[in-house]
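Hello,

Here is the structure we talked about, for you to look through. My notes on it follow below.

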Amino acid sequence: MSGATTSCNGTLMCVMESAGERCRNCGDVGEACCNSSGSQVCNTGGVCIGGSCQSVAALTCDDSGSIFNVGIQDMNLCALRVVAVRATSAANALSCATNSGMLGAGEQVYEIPNTPITDYEMCVETESEGRHTTSVRAFGDYEAQRCTRWTRCGDAGCTSVALGACGP
């Protein structure tokens, strides 16, 4: 990360800590979970169990079904992870993921299966900090804006939130 732009290279994951956004080597299967905005998160294909990212690719609802990738997000609509679920339909995959016990407190499924997590650059403006670029992980534009408003605007709130990096 450099300056106000917060994007990470390689296998590093951007996490929100008390001191601000930082790049950390965490979140892959077999690694420690990343602590971000008070939640423990893993990259695609992993779920945080006991502080370590474990593979969830084997979650099966119907042995004869197809694989559906189901997105898991928090209540702020920030993307947490994607899990592979074997089911006979997209609706069954969502139901299976919801009812299988794999969701932690404050987690919910994203309604459109097979949607990847996207790292969104967001231009945020607050009265106290002015304009700066930040990043969030979300499943869609609306979710990215909501995630940004709830996790990057502080107690005073944002005066504006826009998709993309802030211009000069």
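What is the handedness of the link between cysteine 78 and cysteine 147? The link is right-handed, with 100 degrees about the S-S bond. Please keep in mind that this is a predicted model.

Disulfides

Searching the whole structure turns up four disulfides. I describe some of them here, starting with the pair above.

In the disulfide of cysteine 78 and cysteine 147, the sulfur atoms are 1.9 Å apart. Cysteine 78 sits in the loop between strand S7 (66-74) and S8, while cysteine 147 belongs to helix H2, so the bond ties together parts that are 69 residues apart in sequence. Cysteine 78 and cysteine 147 are both buried.

Another disulfide is formed by cysteine 26 and cysteine 34, with 1.9 Å between their sulfur atoms. This link of cysteine 26 and cysteine 34 is right-handed, at 115 degrees about the S-S bond. Cysteine 26 counts as buried because its relative accessibility is 8%, under the cut-off of 20%. Cysteine 34 is buried too, with a relative accessible area of 0%.

Cysteine 153 is joined to cysteine 158 by a disulfide, S to S 1.7 Å. The torsion about the S-S bond of cysteine 153 and cysteine 158 is about -100 degrees, which means that this disulfide is left-handed. Both cysteine 153 and cysteine 158 are buried.

Salt bridge

The count of salt bridges comes to one. The partners are arginine 81 and glutamate 107, whose closest N and O atoms are 2.7 Å apart. Arginine 81 is in strand S8 (residues 79-87) and glutamate 107 in strand S9 (residues 107-109); the two are 26 residues apart, and the pair links distant parts of the chain. Arginine 81 and glutamate 107 are both buried.

Arginine 152

Arginine 152 is found in the loop between helix H2 (141-151) and strand S12 (160-163). Is arginine 152 buried or exposed? Arginine 152 counts as buried, because its relative accessibility is 14% and the cut-off is under 20%.

The side chain of arginine 152 has a polar contact of 3.3 Å with the side chain of threonine 134. A polar contact of 3.1 Å connects the side chains of arginine 152 and threonine 151. Leaving aside residues up to four places away in sequence, the residues that arginine 152 touches include Met16, Glu21, Ser37 and Val124. Cys147 is also one of the residues touched by arginine 152, and cysteine 147 is the disulfide partner of cysteine 78.

Regards

Notes:
Residues are numbered from 1 along each chain as its sequence is written. This is a predicted model: local features need pLDDT of at least 70, side-chain atom pairs count only at pLDDT 80 or more; totals for chains, interfaces and linings use all residues. Side-chain values use heavy atoms; hydrogens and water are left out. A salt bridge is a side-chain nitrogen of Lys or Arg within 4 Å of a carboxyl oxygen of Asp or Glu. Helices (H or I, at least four residues) and strands (E, at least two) are DSSP runs, numbered from the N terminus. Buried means under 20% relative accessible area, exposed over 50%, partly exposed in between (1.4 Å probe, protein chains only). A polar contact is a pair of N or O atoms within 3.5 Å; within protein, one must be able to donate a hydrogen and the other to accept it, and residues adjacent in sequence count only if both atoms are side-chain atoms. Contact means heavy atoms within 4.5 Å. A disulfide is a pair of cysteine sulfur atoms within 2.5 Å.
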